[in-house]
Amino acid sequence: MAKRFIHGKTNPSSTVRRRRGAGVGAGAKPERMNRSIAPTAPAAVVRESAKVAPSARPVGMGLAFEQPILKLERQINELIALQEQKGIDYGSEITQLRGNLAALVKKTYDHLSAWETVQVARHPARPQTRDYIEMIVKDFEELHGDRRFADDPAVVTGTGRIAGHKIMLVGHQKGRDTKEKITCNFGCAHPEGYRKALLKMQLAAKFGLPVVSLIDTPGAYPGVGSEERGIAEAIAVNLREMSQLATPVVCVVIGEGGSGGALGLGVGDRLAIMQFAWYSVISPEGCSGILWKGSENAADAAEALKLTSSRLEQLGVVDEVISEPLGGAHRHPRGAAEAVERYIDRTLRRLKALPIPELLEQRYQRLRRQGEAALQEQG
Amino acid sequence: MIQNFTTTMTAPASRPARFVRPHRHVDVPEGLWLNCPGCNQIIYRKQMEERLHTCPLCRHHFRISARQRVNMLGDPGTFEEMDADLIATDILAFHARKSYHEQLQEARKTSQINDGVLTGRTFIKGRAVLLVAMDFQFLAGSMGAVVGEKITRGMERATRENLPLVIVSCSGGARMQEGAISLMQMAKTAAALGRFHRAGGLFISVLADPTTGGTTASFAMLGDFIFAEPKAMVGFAGPRTIANTIKMELPEGFQRAEFLLKKGFVDRIVPRDELRSTLARCIDYCGK
Ligand SMILES: [Zn+2]
């Protein structure tokens with residue numbers, strides 16, 4: 001399998017933009033190649049800059065609220081080009097502008113609305129499950145199929161090592177380019193995706209491998225085949241069985257946590273969420289469609305649903321929020337991947353130390369507490 | 001046609017799902033006579049009610065409240081209700097065009113119960129059971145923290161006291177106004193069922209019209225026995241969401257109980273007048 005995040009490989013922004021604009025046209029390239037548009041700079045640079053200042057390279061076309069950032073980035077790049085061209089030293093100006101850029105990125109991302117957060121979670125360059133596999137899972141061996149009906153590309157499963165822990169990985173895959181998106185159904189799994197995940201998780205439990213689940217889906221697929229083959233039953237069985245798997249289960253929402261389709265891979269000992277990911281009982285558009293009879297009020301719905309990481313932490317739905325690099329995971333995939341890796345390592349160390357009966361009791365009590373603050377005895 | 005309920009669980013990001021229209025919940029208008037949606041004939045209300053709220057001409061099963069269900073299934077006067085005083089607190093302070101707080105107050109008034117489910121111990125033909133009945137009149141029978149908690153407590157009691165568990169689902173899915181907390185009730189109830197299952201408990205899931213979304217995708221599909229009322233709408237995603245997704249007409253009878261039976265997800269379709277004896281027989285067969 002081709003490496004997606006190739007060390008030292010750069011992607012000039014112009015190429016990124018042309019490919020994005022071309023849409024399906026990118027299909028002329030081998031599918032895997034297109035993934036390499038995600039990183040914005042050589043890995044070594046990202047790794048370093050994640051801690052100090054954002055990379056000056058624009059990421060794709062950007063979201064509406066990112067435009068001032070992208071504009072400033074273009075100015076910096078032009079200045080650098082000019083400097084090389086004319087041999088004039090703009091060093092101090094560039095340093096000044098980079099300082100401004102860092103401040104602007106921080107200011108923008110410190111005050112994202114719920115709806116803007118949803119946009120970040122859906123950003124086309126945001127790392128997906130296969131990107132995390134590429135970045136943090138060593139010796140990944142993919143395992144296919146549910147041995148009932150089919151192999152669902154919307155769910156990826158396989159063995160590998162994260163921070164030295166042998167694990168079974170399960171996760172949704174939304175797809176990056178048009179072709180892969182269609183193959184993966186945009187991350188909307190069919191019943192066979194949930195059944196495949198369960199089969200591999202039960203395999204893991206049998207041999208004492210912890211499970212790591214990466215959640216990133218708009219929702220389970222609403223189609224005729226999906227209903228005919230029992231999507232509701234498949235999710236329901238996963239909820240029951242994951243609650244009892246005799247091995248540690250760590251779940252991380254890396255992008256979109258779209259309702260039951262997300263929960264179907266989301267029951268475990270710990271649930272973490274990335275800073276700019278969302279998790280909700282319904283998508284903001286869906287909620288808007290119901291309450292306002294149209295998707296125009298998705299921003300209001302996003303606010304009302306309290307679907308951001310900080311609100312979910314307050315509500316006790318998630319155990320921890322994993323901070324993203326300045327400006328979001330899409331600007332620094334490696335920084336994001338390293339944060340996820342550290343979280344998984346730390347969490348697995350704790351969970352592996354528990355005897356299985358104690359682990360299962362704590363898992364049950366964790367679920368048992370869900371919603372206790374949302375009810376009271378009348379009187 | 002039943003169009004006035006919801007599923008919250010399934011809409012992909014760009015498509016609106018159907019959801020609760022809490023003002024349209026009672027199937028049967030007041031009056032001596034009524035129009036049967038099954039056969040489109042005018043029928044005598046009293047006759048319909050005497051036949052367990054089914055049409056005397058076509059046996060269309062009218063939707064009934066949780067209280068009516070409990071009275072219909074249990075031996076008279078044996079229902080001991082649990083947790084009747086649990087109420088929702090509107091933890092998100094959810095406010096759209098109407099506030100959830102107001103919706104709750106209205107629903108309590110209309111349905112005469114505190115939230116969307118009744119739970120308790122009762123007897124069915126002399127056999128002790130833990131009975132759960134969902135109420136579509138209360139915000140489309142949606143599952144929020146109170147519904148999830150009451151059902152979980154019911155399951156835990158059934159586990160402790162080795163009681164057969166009977167749940168009659170009638171619900172549009174998870175309750176949108178409680179956000180991710182309502183989603184977590186699916187996991188909570190499924191986990192409690194897991195323990196009940198391990199302890200050898202008998203769970204009979206009865207699907208009434210409609211059972212959709214997060215209710216179907218949690219306990220409703222986890223019965224040792226799964227029975228459905230005739231023509232009950234049972235599914236995950238709403239038909240309109242699906243039709244919008246696939247841009248095609250849906251097959252005839254799609255997501256009806258008979259469709260699920262054919263596809264292998266329901267054990268048997270049980271008309272309302274046979275439900276009590278069917279449940280009693282199941283309990284006997286399983287030695288409970
Ligand atoms: Zn009729």
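What does chain A average in pLDDT, and what share of the residues score at least 70? I start there since this is a predicted model, and the answer is that chain A averages a pLDDT of 86, with 84% of the residues scoring at least 70. The stretch to set aside is residues 1-59 of chain A, where the pLDDT is below 50, although this stretch still has 100 contacts in the model beyond near neighbours in sequence.

Let me turn to chain A as a whole. Chain A holds 17 helices and 9 strands, and of its 379 residues 53% count as buried. If we take the contacts in chain A with a separation of 6 or more, residues 24 or more positions apart account for 72% of them.

One helix that I would like you to find on the screen is α11 of chain A, residues 231-242, which has 12 residues and reaches 16 Å from its first C-alpha to its last, close to the 16 Å expected at 1.5 Å a residue. Is α11(A) largely enclosed by the rest of the structure, or left open to the outside? It is largely enclosed, because 11 of the 12 residues of α11(A) are buried; among them are A:Ile231, A:Glu233, A:Asn238, A:Arg240 and A:Met242. What covers these buried residues comes from both chains: chain A contributes elements including α9 (191-206) and β5 (249-258), while chain B contributes α5 (179-198) and α6 (213-216).

As a contrast, please look at A:Leu82, which lies in helix α4 of chain A, residues 67-86. With 12 C-beta neighbours inside 10 Å, A:Leu82 counts as exposed, and its C-alpha is separated by 50 Å from that of A:Met168, 86 residues apart along the chain.

Now to the contact between the chains, which takes 64 residues from chain B and 58 residues from chain A. Which element gives the largest share of the side of chain B that touches chain A? That is α5(B), with 14 residues. Taken by type, the residues on this side of chain B divide into 37 nonpolar, 19 polar and 8 charged.

Chain B has a sheet of its own, an open one of 7 strands in the order β3-β5-β6-β7-β8-β9-β10, with mixed pairing. At the edges stand β3 (80-82) and β10 (268-269) of chain B, each with a single partner strand, so one side of each is left without a neighbour in the sheet. Inside the sheet, strand β8 of chain B, residues 203-211, is joined to strand β9 of chain B, residues 225-228, by 4 bridges, and these two run parallel; the bridge partner of B:Val206 in β9(B) is B:Phe227.

I will finish with some backbone details. Most residues other than glycine have a negative phi, and most peptide bonds are trans. In strand β8 of chain B we find B:Pro210, and the peptide bond from B:Asp209 to B:Pro210 is cis, with omega near -10 degrees. In the loop between α7 and α8 of chain B lie B:Lys247 and B:Gln255. Neither is a glycine, yet B:Lys247 has a positive phi of about 55 degrees and B:Gln255 has a positive phi of about 65 degrees. As for their surroundings, B:Lys247 counts as exposed, with 6 C-beta neighbours inside 10 Å, whereas B:Gln255 counts as buried, with 24.

Technical notes
Residues numbered from 1 in each chain as written. Chains lettered and ligands numbered in written order. Predicted model: local features only at pLDDT ≥ 70, side-chain atom pairs only at ≥ 80, totals over all residues. Expected span 1.5 Å × (residues − 1). Buried ≥ 20, exposed ≤ 12 C-beta atoms within 10 Å, placed from the backbone. Contact = placed C-beta atoms within 7 Å. Nonpolar A, V, L, I, M, F, W, Y, C, P; charged D, E, K, R; others polar. Pairing = 2+ DSSP bridges. pLDDT = per-residue confidence, 0-100.
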